[in-house]
2 protein chains.
Amino acid sequence: MHRLLGQLTIKINEQVYVKDPMSSSVGHEILRHSVNIIAQEGLELFTFKKLATALGSTETTIYRYFHNKQQLMIYLASWYWSMLEWKVAFATANIEAPCARLDKALTVLSAPVSFNLQSDLLNESKLYDIVVNESFKAFAVRNLSKKERIGYFQAYSQLCGRIEELILLNNKNYKFPKALAATLIETAHYQTFLQTQLSDLTDIGKGPSLNSLLHHIAFKALEEKL
Amino acid sequence: MHRLLGQLTIKINEQVYVKDPMSSSVGHEILRHSVNIIAQEGLELFTFKKLATALGSTETTIYRYFHNKQQLMIYLASWYWSMLEWKVAFATANIEAPCARLDKALTVLSAPVSFNLQSDLLNESKLYDIVVNESFKAFAVRNLSKKERIGYFQAYSQLCGRIEELILLNNKNYKFPKALAATLIETAHYQTFLQTQLSDLTDIGKGPSLNSLLHHIAFKALEEKL
DNA sequence: CCCATAACGATAGCTTTACTATCATTAACA
DNA sequence: TGTTAATGATAGTAAAGCTATCGTTATGGG
């Protein structure tokens, strides 16, 4: 499985780049260094000039791949969501029982980095940090057209859709499948954010695990009325 | 009650401004116009220069009140969270039954604008839009000291704390009171965001109400084991 | 009525960021 | 060898973000 997944390349929606960074070695380097810099300094302090210097290249080259740093951040986030979707898919493959399937999916959401796929191209651990701490800053959707917005959120939507399916598999009459899916995904990330940034606002890390929280919310919500 | 609340002024943590905007009429105008501009154009396009022009004033004056636009945004968000806390407090006052108290609180979270307090100073409806759509962009916490961070999030923390209390009142042995509180608050806002920006990702607005979702998540989670 | 002080307005300027334009160089390859 | 695509190098513009300085106004105490 490790071998197989190592060859898997994630296809990112075309609206999230100017020129596909997967199509060249410079593109690969752009992604790799971006993750490092953003993980270290945050999205505000990250500039194309810094990235260019780290690359031994120039701003001009980077602008050939991405319109601006927000788009690059969205690319990274898209890549992350797609990867997460794959991890959910693989973790739930060949499992029959609906509750076991959902349970596995939630375990992936709770600690996505521990399920290793292709580790060479992008540092998944740093990418996870970025998405948890920085990605919402790029969700500055206000100035995007609806079309662009859909492009940007495609990967995220697909992950939501997959969780939604698992929810409906457990309770086909459930009234809030989409909302619960989004809540579980967001909670997984937000609670991680709180744990590191505002630890007084969460119980996670002081005994209860994130996984137990997600499991609890999901399965309590899905219980049929008695 | 309307009269009483009209006189209530919300005290904002000192770390969220340079000079208290509540202390002068120019300060009031700054807040009022900020809300209008941010609601209309978003936080990215909002600049102190624009604000100054709208005020018939200058950048210099605004810098005397706030270090930068992020701080101003945080001020507005703090104001919002404090207001929400008050609304929760008033909505649950003099109610005995724990479940009725929590229920009332969730109703406030679902539609905070419909509970009117002081409407003159800040346009609450616009402020709500801003917090839902823009505030997370100011949560660029990375470059803040822990001290500043605590200042910024004080109002938010207090609201979380109040919800947490209501949760424990319903089930004193509950394992995730903080996490559930944060989840309910975030879900209330995130689902509103989805409803307007990415409506395919939520059920809210297509039958089920936000209030019913929050109610469902909370009370299912709080059910004692059978 | 005058003076001290605080608040505000006006102007200028600096630095950095974000982005564009233009042209030179290299590598691949037919 | 000549063409093309990708990249590098250099330069420059516009705006944002922020600071400094100084003049003006208003206010209230003496």
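User: Which residues have the most contacts inside the largest nonpolar core?

Analyst: In soluble globular proteins, nonpolar side chains tend to be buried together. In this predicted model, the largest nonpolar core has 127 residues, and those with the most contacts inside it are L76(A), L184(A), L76(B) and L184(B).

User: What does L184(B) touch, not counting residues up to four places away in sequence?

Analyst: With those residues left out, L184(B) touches L106(B), L109(B) and I163(B), and also L214(B), I217(B) and A218(B).

User: How many residues of chain B are in contact with chain A, and which element gives the most?

Analyst: The size of an interface is often given as the accessible area lost when the parts come together. Here it can be described by residues instead: 38 residues of chain B are in contact with 38 residues of chain A. On the chain B side, the elements that give two or more residues are α8 (135–138), α9 (146–170), α10 (177–197) and α11 (210–222), and α10(B) gives the most, with 11 residues. By class, that side has 18 nonpolar, 10 polar and 10 charged residues.

User: Which residues are closest to DNA strand D?

Analyst: Of the 13 residues that surround DNA strand D, the closest are S24(A), V26(A), S57(A), T61(A) and N68(B). Two or more residues of this surface come from α4 (59–63) of chain A and likewise from α4 (59–63) of chain B, while the largest share, three residues, comes from α4(B). The surface near DNA strand D divides into two nonpolar, eight polar and three charged residues.

Terms used:
Residues numbered from 1 in each chain as written. Chains lettered and ligands numbered in written order. Predicted model: local features only at pLDDT ≥ 70, side-chain atom pairs only at ≥ 80, totals over all residues. Core = buried A, V, L, I, M, F, W, Y, C linked by C-beta atoms within 7 Å. Buried ≥ 20, exposed ≤ 12 C-beta atoms within 10 Å, placed from the backbone. Contact = placed C-beta atoms within 7 Å. Near = placed C-beta within 6 Å. Helix = DSSP H or I, 4+ residues; strand = E, 2+ residues; numbered from the N terminus. Nonpolar A, V, L, I, M, F, W, Y, C, P; charged D, E, K, R; others polar.
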